Amino acid sequence: MSENNKKSFLEKAAESQVWKSIFRGGGVPRNRRQRMMSVLNSVFLHLHPVRLPKHAVKLKFTWCMGGMSFFIFLILTISGILLMFYYRPTIEYAYTDIIDLAEQVPFGIMRELHRWGAHAMVITVWLHMFRVFMTGSYKPPREFNWGVGVVLLLLTLLLSFTGYLLPWDQLAIWAITVGGNMARATPFLGSEGPGAALLAIGDINFITMASDARFILIGGRFMGEAALLRFYVLHCIGLPFIIMIFMAVHFWRVRKDGGISTPV
Amino acid sequence: MSESQERHYNILKLNRVFAISSIIFTAVWLLVFVDDYQRPWKKYQKEFRKLEIEKVRAELSDVSIELESNAEYNALKEELSSSEQKLQNRQNELDDIMNQLIIMEAELYKNNQIYQFAKADLDVLKYDYEKSQVGYKKNTDIEQKYFTLKDSVDKYFFIREQSEISIDQVNDARQKITNEINQINSSLKSLMREQSMMQRKLSKVDPEAMTLANKIGNIVRDLPVLDFIDPYYEVKQVVVNDLEEDLVYMGMPKVDRCMTCHVGIDKKGFEDSPQPYTTHPKLDFMVGASSSHPISEFGCTSCHLGRGRGTGFYSSAHSPNDEETAHRWEEEYDWEPKHYWENPMLPTRYSEAGCYKCHSGNMPLKEAETLSLGLSVFEKSGCYSCHNVARWDDAPKSGPSLYKLASKTYKDWTYKWIMEPRSFRHNTWMPHFFKKGNNSSPKDIVRTEQEVLAMTEYLFTNSESYDINSMNITGDYDRGRILVSSLGCNGCHQIQSTPDPDYDPTIQAIRTEQGPNLIGLGSKVNEDWLVGWLKNPYSYHEGTKMPNLRISDQEAIDIATYLLADKNAEFDDLPTPQVNDKILNEISADFLSQLLRKSQVDEKLSDMSTIEKLNYSGEKLIGHYGCYSCHNISGFEGKKPIGIALNVEGSKLISKLDFGFWHDEIPHTKWDWFYTKINRPETFDLIPNDDGSVSVKELRPLDKSRMPHYGLTEKEIDGLVTLIMGLVKDEIPETKLPEKTPDYLAVANGERFLHTNNCLGCHKIDGEGGAIWPSTAVWLEEIAGSQNSEDMSIVQSFSPPLLNTQGRKAQPEWLLNWFQNISMIRPHLQVRMPSYDFTHEEWNSVISYFQSKDGLALTYENPHNFSTTSDSYIAGQKIQEEGACINCHFYGEKKPLQDAITWAPNLVLTKERLRPEWLIEWFNNPQAVMPGTKMPAPYIPVDEPISDVKEYWGDEVASFIGDTTGMLYGLIDWMWGMEGKEDVSSIVKEHLNNEGYGFISDDEDDEWGDDEW
Amino acid sequence: MPDGKSTVTKSPEPKAPAALGKTTKDIEGLNRRSFFSWLSFGWVGFVAATGGFFTMLLRFLFPNVLFEPVQTFRAGFPDDYIKGEVSTKWKDKYGVWIIRNDLGIYALSTVCTHLGCTPNWLSSSKKFKCPCHGSGFKATGINFEGPAPRPLERYRIVQADNGEIIVDKTQKYQQEKGQWSDPEAFLMV
Amino acid sequence: MGSFKEIVNTISNPTILFTSVLILFPFIFPPTDWFDKWHRKLGLHHLWGTKAIIIATIGMTAFFIYGLGDYNFQKIVLKPDNVPISGMIFLVVFFTWLSMNQAYKNDELLDKGQKPDEFYEAPNDKVLVWPDLVYVELISLIIMSAFLLVWSIGLPAPIEEPANPTESPNPAKAPWYFLGLQEMLVYFDPWMAGVVLPSLIIVALMAMPYIDRSPENSGFYSYKRRRLGISLYMFGWLVLWQLLIIVGTVLRGPNWNFFGPFEYWDVHKLEALTNINLSEIIYIKFLNTGLPSNILVREIWGILITLGYFLILPPLLAKTILRNMYEKLGVARYSIFIVLIITALTLPIKMYLRWIFNLKYIISIPEYFFNF
């Protein structure tokens, strides 16, 4: 009895069936075993190994930029989902919905959070790559994961780029027009790309404004409703879906390729 | 440990299953592509392409044959070869020049580049220089640089110009050599233009006319998957942003893809091709790019309805025109009525409904006969009296006023008339309320009889008194007959005792039904009333459309005698029932019980006398049947009509139309419901039996359908249904509506006014109207024999005048004056322009209609100045002399020289009546202005030598030689100088009495001339 | 995996998956050729089907109709235009002047190259004059006065099968880039 | 102080800026021993000392604070979407310093025969993730979230006028992280700047571990032993990536003309368009004949030069300067490496050709949209 009384409330709670059913291994992590188990048995924490070399937890060494990128991704996912409740991707509504987010929607600051988070994520991903390079961590056996990381960088930029159009203001469409026009110059596949004119039979050109690489991106010959919708779908469903798959691979391979970079 | 123990399946078998499933998967994918590639519209486009190839080939060969036989073309070709020969001889010279040119052009390129670059630098420097002047520190360094560079830029410019000049010189030399051949080539090219255009067109559609590469491309472009790039066969569509598809809560821009299958709809030359390739039947008016309704701006479904986005026969919601078509479609296209689309395509018979959306302010609607007929019938039938439609908000009641009924007719007649109007007058617009399918059982008839008795009683009891003077003159039947056929009564009235088996309802036919068919009047009205009515209709009913024809007492008596001689004995013999108290009680109780309890009703009834009951139930019944909607009846002023408003009836959801027990008998469409409702209004009170007969639903008398039966023809009902389908709630943007210019509004209002008041019953304007003409011919036949009645020019000259160019023709002040104070203009006419009691504004709207129609704005006009001593006046005098205007025209009281049959207006009237500008037009070509007129163009010397003119016509005329207009103005000057008596009616009357018309007739016994009138 | 062994997981080492091509006792007797052909059939089929899916995906992104505002318009027939005159018929509706000279017809953009105002055609002095800042252009579109930095742009102009002129505003030709000599920048008639 | 602004405006001109960076770069990040010698002689290794970062931070902060007093500078830097770039400049400088600082320390340790800093415990000396790492992560998550929220409160996201496809702003700029590519458009046609070069960047990044595949020197910061690699990477990352973004964002105004950071963005500012193609230089300037009408003849010189650059230069280098590398990497790796490097080098080469000779294109076939 008296022993029981000495246990803190937390400890008591940790012994309950409910707690045990949720957190395997049980108990507040007090001893080495419990601490290990708490990492091992959590679906979220078991991304980590149980133990790490000491230098690998030093911020000076890791800068935590990879983690930051992931955290910002989570923040962007949550704020993005919230924004989707109010934002309609049509040229009639897109712009005014953004204004309403700024003026009327409770905690419309989610839009600011989403936008600045996106910019911040681009920077953290870059710095993460920079750190990985500087510690030589791209070298074997991590060369594949470095490649995955490059894809993640590309996807981050594409996510940011597709999201840039959605406010449908002058800033948005002209930024995307300038960016999108580059697709028009894709060799052979862009209507103004070198070699496109060669893809023709008789009078029929096969690469035109309505059939080139840029069209796939913006869904039309001119920046318009279709572009907005395509970018929206890519931004909210397509690219997040792909980036999550690559992130899963990336994290898995960090563990499998020898954990956080360590001197060999 | 053997591996096989770790396996459950035989890997080989799995491989086999894997292979088979993969192959099936691949096959399924192929199926997906095939399925996507198969589109219903493709076969139509392929078929149309064949038609087009055929057509272009034929056209091309026509053009080529024509070209081959063109002499100019052949000559040019020969010339070309000879000058090519010539050119060959000078080829060396030309080569030298060309070489020279290449060098010089390189020089120019270089010099130009130097100049351009220097100029670009200069522009930058200029900006820097200008910028350096901002603020206090002036940078002399830049200034100096700038001006130095400026000098050299000018120098470079000059050098460049020099190069250009020398190139031009060499080019000139070259051109001199090639000039001839170039000219020949260009004229050849212009001759061959049509041919090469055709060839180009053919090479686009006809694989046989294509180059090999294009032939391959032609196949590749339509291959599956690749057919997004530049397919030949493709979905075609028109997007009309400002016309909206009603999607219940919002409008979406209209998108029509009809032309995906109806490929030839906007192309000339496929008029005779089968559907769906046919050209639109009114290409110049609809669809065509230069028409007033181009397809790119109006689409298809904005008029025709249907599901514009559909590209399949079924999915685009086609509607068959009749049952036969429906059966055919079911077989050919698996067609069925499209569910889940509220606005299926209008069948062609109702397609004019679409016109009404935008043109509801017009009447008649041009190019929309069915709809115009519908409007006309709607108005004549008085549909708007019970069923409110905004357009007719201010229209008067469609039936005659019953305020003073008792003075006009008899109770018996009234009873029988209400009971069954068509038994008295076969083509009356008064509908049948009784003896319809839902109230014809013996029990119903007994009740109906009492109801009608009650209503008759009420009408007579509440009739106002109306004093009629009776006159003691006797009338003459024959004179009356002639008067009726000559005064112009037939412009509005028929006298047709039996139905016309060939009756074809048209607006023109309905014009002669403006007033009632004048049969059986002897059974209907009393003589004194009729005489009074003829003399002044407005005194009996202020709002009547019957005008005052300024009829004398004698004339009125004559006409009445003639009209009243016609009695309908059969009708007169119909029985009139006795008042039946029991039934009357039932009727009264039905109404009383709406307000009172049963015991109170009984009490009340026992207190009422029979007359009271008759009057009470009569009033209630008139209210119930809505008689007051069409007729003025005392006690019902200001009452709302009984029908539902039809303002947006065409947009009503079909679920709101009750098909009753007829859901299997009547196609489930709005128009079929409307058709049935009009054709047989009681239908939905009935139950169809398997053997084709019907039984009546269990309904209390007051619950039965009250909608009366009009006995309309199919064509008339189609018109009405078209109109109703056009009464929709669509909001049409201004851009799509006709532009509401003052001229447009004046014309539209005028046309409606002319229609409402039946002006075109008598007059013809631009070929429309003149419904009276056939009866003019009948009258002519009677007085002058068939020789005259069959001569259309005589018929025309004795009919009311054409109103062509009336706006340009008449001086507005005179016209207004004349409208309000009619006087004789055409001395030979018997037909009389009636005196209407229209207001100033109404007359003015008529005048501005005439003017706007002729593109004439209401402006102040200078009076025509002239002098009786001028050359012009004297020349005019000579011309009228030579032209012998006096043969037909009155000169004041001076009678024309010829017989009355050719008489024409008094020329003294001209200066006040007509506009000089119009007279010039008229003199130049009378036939162009008034086709069929007897007026010849006045003869003036045009081609004669001046000496002859001087000799025969005098110096004054000769001074105008070569100036036709000047001479005609002389004639006008002369007319403006005319003085004399304006009103020659008495002279005319006397002449006609004494000498008659002078018809040249086989029948010399001209009884008309002897008549005293 | 250096620290793989130090983890506490006690799960047994996963067995190497059975290699697909490895023969077993059961199948040793079978014909190797048929074995391979089934497998290769399977893979070929699978790859083809996957190819089908990706083809579908690509084609799906190109709709059969576009809802874009029409950038080309029909401007009537060459004979509608008088030699040496500037037609302002399409200025308001499409922002295009159509000019016919001795050689042919060309379509000029009505956007001033200075700040984008719309110049007016002054027929008396034969020039386009911009009301905003006074830039002047000749009938050819060449700038000759005022602040405009470069000549007006021309649009693509071609003839339809029936001889009608078609002006295509999606394609611009700039003189300073030498594009005016492009065959479709000028319609020879 | 007005003249300070003018000096900054002048030296930020791409020509001067890029040239000075190009000259300084190998001394700051020496790729070879020779440069390293000068690097130390010039005392540039002090850049990676603690004092340097303090001075740099203060200097940069002072510059920004001073700059914000200028209307033109303020207008560009405080444009909402440009704010992250200012932050990025600080972060990049700091982290470059941080990594170099650690690398130099490790280099010294290695030189002394000791293990790098990361080895100061035995490799097997491990700590538990719970709580050390998990806790730190939680804290970073909180700080990051708080920072983003503060940023969001302080700086409203931009919303300009509604989209108008017919009215293009001048200049029209891509999102800032792509402005490096847009800046390349000045020197290359879109197919190079927008498609080929970005793709090559991705390819090069991915190919990196397959070219530099020795597993040595990984897992710790070091410079000396990976000198060439890091130097090249730094050049790509700092100069061709970050610097071009800054130039594109801050220094490019209307008509994509250059404007100094303190300069007013005047639409009327002109730059002489006097660029000329190689074919024109040869046929017009030197040979004085017109341009040949045959495209192939016209462009043959450019084509030869380009082919020479890409096909003859690599083997030439392999035989001469880069013999050691060639032998180390083998044919395949060397080829990929050298092609990537010389393609990247086309950018500075074209920049200088443009600046010196006004050269527009080496090969110019606008008929087929092929300009190089």
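Author: This is a predicted model. Chain C has a mean pLDDT of 78, and 80% of its residues reach 70 or more.

Reader: Where in chain C is confidence lowest and where is it highest among the strands named?

Author: Confidence is lowest in strand β8 (residues 143–145) of chain C, with a mean of 80, and highest in strand β3 (residues 96–100) of chain C, at 92. Over residues 1–29 of chain C, the pLDDT is below 50. Beyond near neighbours in sequence, that stretch has 20 contacts in the model.

Reader: What values does the predictor give for the complex?

Author: The complex has an ipTM of 0.85 and a pTM of 0.85.

Reader: How do you know that B:Trp429 counts as buried?

Author: A residue is buried if 20 or more other C-beta atoms lie within 10 Å of its own. B:Trp429 has 21 such neighbours, so it counts as buried. B:Trp429 lies in the loop between α15 (411–419) and α16 (442–461) of chain B.

Reader: Which residues does B:Trp429 touch, not counting residues up to four places away in sequence?

Author: With those left out, B:Trp429 touches B:Lys380 and B:Ser381. As for B:Pro688, it is 259 residues from B:Trp429 in sequence and 29 Å away in space, C-alpha to C-alpha.

Reader: Which chains share the most contacts?

Author: Chains A and D do, of the five pairs of chains in contact. That contact takes 76 residues from chain D and 89 residues from chain A. On the side of chain D that touches chain A, the largest share, 16 residues, comes from α7(D). The residues of that side divide into 51 nonpolar, twelve polar and 13 charged.

Reader: What makes β1 of chain A and β1(D) a pair of strands?

Author: Two strands pair if DSSP finds at least two bridges between them. Strand β1 (residues 51–53) of chain A and β1(D) have three bridges, so they pair, and the sense is antiparallel. In β1(D), D:Leu128 is the bridge partner of A:Arg51.

Reader: How far apart are the nearest C-alpha atoms of chain C and chain D?

Author: They are 9 Å apart, and chain C and chain D do not touch.

Reader: What are the domains of chain A, and what separates their centres?

Author: Chain A is divided into domain 1 (1–51) and domain 2 (52–256). Their centres, taken over C-alpha atoms, are separated by 40 Å.

Terms used
Residues numbered from 1 in each chain as written. Chains lettered and ligands numbered in written order. Predicted model: local features only at pLDDT ≥ 70, side-chain atom pairs only at ≥ 80, totals over all residues. Contact = placed C-beta atoms within 7 Å. Helix = DSSP H or I, 4+ residues; strand = E, 2+ residues; numbered from the N terminus. Nonpolar A, V, L, I, M, F, W, Y, C, P; charged D, E, K, R; others polar. pLDDT = per-residue confidence, 0-100. Domains from an automatic or database assignment. Buried ≥ 20, exposed ≤ 12 C-beta atoms within 10 Å, placed from the backbone.
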